Amino acid sequence: MYIKDNIFKKILNNEINSNIIYKNKYVTAFDDINPKAPIHIILIPNIYIKNMNYVKKSNIYILGKMLLISSKIAKLKNIDKSGYRLIINCNKDSGQEIDYLHIHILGGKFLGNIICNNL
Ligand code: AMP
């Protein structure tokens, strides 16, 4: 997919609507359009990284920011105490649909034990 047609890139550039819930110099977070839990937020870096396979040493700071802001958003959404799950998909077998590195922040209900049940 050509980067200009990338949905998350368009959200970042305000070319399509989304419910942006957090934005700073490094990251942008918005509600997932097809939520899999009561809270389902997508967090992306403001620079384009295709997926985990394309992370470079120079991206370490931004990846740290992504994790830090994920925990801030969990607090903001009041799921920090009840619990939440962060997911990063990479390529076909993970089900990655959008070629733009992103963290899913999921919570607001019991999500099950993914390691025991789904592997
Ligand atoms: P992944 O399978 O990890 O690539 O996840 C892609 C996620 O993006 C899915 O959970 C979709 O529901 C979500 N998504 C797709 N289009 C949009 C959109 N326009 N706004 C918000 N979320 C979207």
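An oxygen atom of the ligand lies 3.0 Å from a polar backbone atom of Gly-95. This is a polar contact, defined as a pair of N or O atoms within 3.5 Å. The model is predicted: local features require pLDDT of at least 70, side-chain atom pairs count only at pLDDT 80 or more, and totals for chains, interfaces and linings use all residues. Residues are numbered from 1 along each chain as its sequence is written, and side-chain values use heavy atoms, with hydrogens and water left out.

The ligand is surrounded by 17 residues (a heavy atom within 4 Å). The closest are Asp-32, Asn-89, Glu-97, His-102 and His-104. By class, the shell holds six nonpolar, seven polar and four charged residues, with Gly counted as polar. Helix α1 (7-12) and strand β2 (27-31) each supply at least two shell residues; α1 gives the most, with three. Helices (H or I, at least four residues) and strands (E, at least two) are DSSP runs.

The ligand sits in the largest pocket, with more than half of its atoms within 2 Å of the grid points. A pocket is an open set of points on a 1 Å grid where a 1.4 Å probe fits, with protein on both sides within 12 Å along at least five of seven lines; lining residues have an atom within 4 Å of a point. The volume of the largest pocket is about 670 Å³, taken as the space filled by probe spheres set on the points. Its lining comprises 30 residues, with Asp-32, Lys-36, His-40, Ile-42 and His-104 nearest the centre. The lining has 13 nonpolar, 11 polar and six charged residues.

How values were computed. Polar contact = N/O pair within 3.5 Å; in protein donor to acceptor, adjacent residues only side chain to side chain.
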